[in-house]
Amino acid sequence: MFEINIALRHIKARHRQTTFSVIAVALSVAIIIVSISMLTGFRENIIETTVENQAHITVSPKENEDYISLYHGLEGFIRKQEGVVAVSSYYQGDAAIQHRHNVEGAAFSGVRPMDEDLVLNVKEDLVAGEFESISMAGNRIILGSKLAEKLDVGIDDTVTLSFPGSEPADFKITGILRTGTSADETLAYANLERVQDFYGKSGIVTGVGIRVSDIYTAERLAKRIDRETGYDAESWMEQSSEILNLLNTQRQFVVIFYLMIFAISGFSIANILTMIVMEKVGEIGMLLAMGTSRKSILVIFLLEAGILGITGVTIGCVLGYVSCILLVSYTIPVPPEMYFGLDHLPIRIAPENFLIAGAFSMIINIIAGIHPARRASKLDPVEAIHSV
Amino acid sequence: MSDKNIIQITNLTKIYGDGVLIKALDNINLTIERGEFMAIVGPSGSGKSTLLNMIGILDTPTHGTIILDGVDITQASEKKRSKMRNQKLGFIFQYHHLLPDFNAAENVMMPLLINGIKPANARAKAHKMLEEVGLSERISHRPRQLSGGENQRVAIARALANSPDIVIGDELTGNLDSKTSEKIYELLRKLNKEHNQTFILVTHDERMAEKTERIIRLVDGKITEDKTT
């Protein structure tokens with residue numbers, strides 16, 4: 001195939017200029033691979049954190065009701081459903097929490113610690129104390145780390161909880177939790193029965209948390225519970241729809257950004273090819289005179305775009321991989337407040353990201369080569385030969 | 001058209017321009033036999049290069065027909081025209097138009113590769129052709145490493161590589177000194193006798209034209225003289 005010979009010679013003869021085009025393509029591919037790897041890692045981490053820090057399904061009271069009264073029966077029904085791993089009923093209310101002169105608002109949750117841990121893996125987040133301690137006799141409480149910091153309290157300190165209409169009660173701190181999310185600022189756990197007593201609501205709960213074996217079946221199961229019990233059951237996807245929407249919107253913006261980067265590298269290919277075509281007008285004329293078809297002329301210049309593109313993409317993939325490995329080795333800290341509780345940039349190196357970046361780059365490079373290649377193939381041989 | 005005629009031109013007219021029309025060729029009728037060694041002469045703008053481009057299937061006429069080896073090339077498809085340029089015709093221009101990124105042998109191989117000949121066979125043929133034009137020592141040299149005369153001889157070897165029926169030369173010695181031009185003409189004459197190919201050479205150099213067997217004189221797009229020398 002003489003076309004590839006000519007294409008390779010054109011590139012080799014202009015190695016300085018073509019090197020710059022290859023570098024432009026390689027850099028664009030590497031930047032995009034690193035960026036996609038960061039975003040994939042970020043997305044997966046956000047979903048993981050979101051799923052880990054909340055029940056996969058949350059059952060709330062029926063419409064126009066404030067509480068779930070017959071929660072034991074509801075728990076029994078849910079436990080029978082396929083794929084359900086754990087069920088935890090809770091009573092959650094607002095309360096003011098005080099230590100000496102410090103007063104803060106808290107989301108005061110009454111739970112059965114064993115059940116709650118099975119649903120939310122609470123123990124993993126415990127930085128001090130024992131989670132089961134709240135089921136022991138007496139008023140015991142576990143606080144979120146930031147709430148404890150604001151109240152300036154630690155293990156074994158006593159805090160006073162109060163709520164309009166309820167008798168203020170002292171609780172001894174027996175544990176500190178750090179989930180890495182904003183919940184750390186308001187979280188307060190105590191035993192379910194004690195919290196029900198505190199609010200004067202014995203025998204009722206405000207919600208039921210459920211953990212399932214496959215998080216992507218949560219939506220279907222929530223709908224069934226909703227339909228069959230009349231209670232309002234929401235999956236983690238519905239509850240976190242804002243975050244998921246935000247991630248999807250972010251993905252759309254990022255695609256535009258990627259296309260712009262690829263377009264810049266595409267222009268560098270178009271530029272070098274246009275230059276070669278302009279330099280080679282006489283040569284193209286002679287090739288046509290020797291019987292080269294217009295299709296072959298088109299193929300020669302598209303091959304040049306392809307060769308430059310594939311070289312750039314290969315170098316870019318290697319460069320992108322090395323950059324990702326380096327970024328994984330050096331943890332880059334980020335402020336958790338701005339990154340949904342993440343304290344470092346997560347990177348996920350996935351083969352499909354290399355494939356996507358490489359394929360898109362190749363498509364844009366070939367498109368960039370079409371105009372100069374068509375221009376070359378449409379030259380009039382007589383004019384081309386006599387242009388020298 | 002009898003078998004001994006390779007080209008039959010009938011009522012060939014070429015008009016250029018949109019607004020102001022220029023008649024480059026005016027009702028040309030011409031028959032060229034196989035193996036002829038002929039020249040087309042005439043002053044600048046007489047239409048000799050236009051006629052050559054028509055015979056070389058590089059341009060299309062406004063009216064008339066050109067039958068080349070039994071095929072009406074004015075009606076042929078683009079694909080057929082390319083194929084005929086490759087297999088039936090060899091071109092030598094004033095500027096050699098060698099591919100600068102390829103050496104002498106690779107340049108001569110090019111029409112053979114375009115014709116789908118295997119690279120090993122094409123290389124062997126290219127070496128033979130370069131030997132015939134006296135450049136067997138220069139096969140690996142690139143055009144910039146060769147003199148003007150040597151480059152033109154490589155261009156001749158390339159034009160003859162596919163053993164075409166017709167070799168077209170457009171002012172092919174226009175860029176060379178008279179001594180080198182003489183040598184090139186002698187070489188072409190020798191090749192013409194050896195291969196029995198038709199040579200049609202456009203020149204404004206009357207002295208060179210006299211070295212051919214037949215001279216066609218064009219003035220204002222018309223044949224004013226057709227003489228055998």
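This is a predicted model: local features need pLDDT of at least 70, side-chain atom pairs count only at pLDDT 80 or more; totals for chains, interfaces and linings use all residues.

Residues are numbered from 1 along each chain as its sequence is written, while chains are lettered from A and ligands numbered from 1 in the order in which they are written.

**Domains of chain A**

- Chain A is divided into domain 1 (2–51 + 243–385) and domain 2 (57–237), with bounds that come from an automatic or database domain assignment.
- The C-alpha centres of domain 1 of chain A and domain 2 of chain A are 52 Å apart.
- Six residues of domain 1 of chain A are in contact with five residues of domain 2 of chain A (two residues are in contact if their C-beta atoms, placed from the backbone, lie within 7 Å).
- On the domain 1 side of that contact in chain A there are three nonpolar, two polar and one charged residues (Ala, Val, Leu, Ile, Met, Phe, Trp, Tyr, Cys and Pro count as nonpolar, Asp, Glu, Lys and Arg as charged, and the others, Gly among them, as polar).

**Where chains A and B touch**

- Chain B brings 21 residues to the contact and chain A brings 17 residues.
- On the side of chain B that touches chain A, helix H2 (78–88), strand E6 (89–93) and helix H3 (104–114) of chain B each supply at least two residues (helices, H or I with at least four residues, and strands, E with at least two, are DSSP runs numbered from the N terminus).
- H2(B) gives the largest share of that side of chain B, six residues.
- By class, the side of chain B that touches chain A has 10 nonpolar, five polar and six charged residues.

**Two helix pairs**

- In chain A, helix H2 (residues 15–52) and helix H9 (residues 241–279) pack at an angle of about 175 degrees, with their axes 9 Å apart (axes are lines fitted to C-alpha atoms, for helices over the stretch in contact, and angles run from 0 to 180 degrees between N-to-C directions).
- H2(A) is therefore roughly antiparallel to H9(A) (angles under 35 degrees count as roughly parallel, over 145 as roughly antiparallel, 65 to 115 as roughly perpendicular and the rest as oblique).
- The contact of H2(A) with H9(A) has 17 nonpolar, seven polar and one charged residues.
- In chain B, H3(B) and helix H4 (residues 119–132) pack at about 125 degrees, with axes 8 Å apart, so H3(B) is oblique to H4(B).
- Residues making this contact include B:Val108 and B:Leu112 of H3(B), and B:Ala122 and B:Met129 of H4(B).
- The contact of H3(B) with H4(B) divides into 11 nonpolar, one polar and two charged residues.

- Leaving aside neighbours within four places in sequence, A:Gly41 is in contact with A:Pro346, A:Ile347 and A:Arg348.
- A:Tyr91 sits in strand E2 (residues 84–99) of chain A and counts as buried, with 26 C-beta neighbours inside 10 Å.
- The C-alpha atoms of A:Tyr91 and A:Glu193 are separated by 8.9 Å, although these residues are 102 residues apart along the chain.

Methods: A residue is buried if 20 or more other C-beta atoms lie within 10 Å of its own, exposed if 12 or fewer, and partly exposed in between; C-beta atoms are placed from the backbone.
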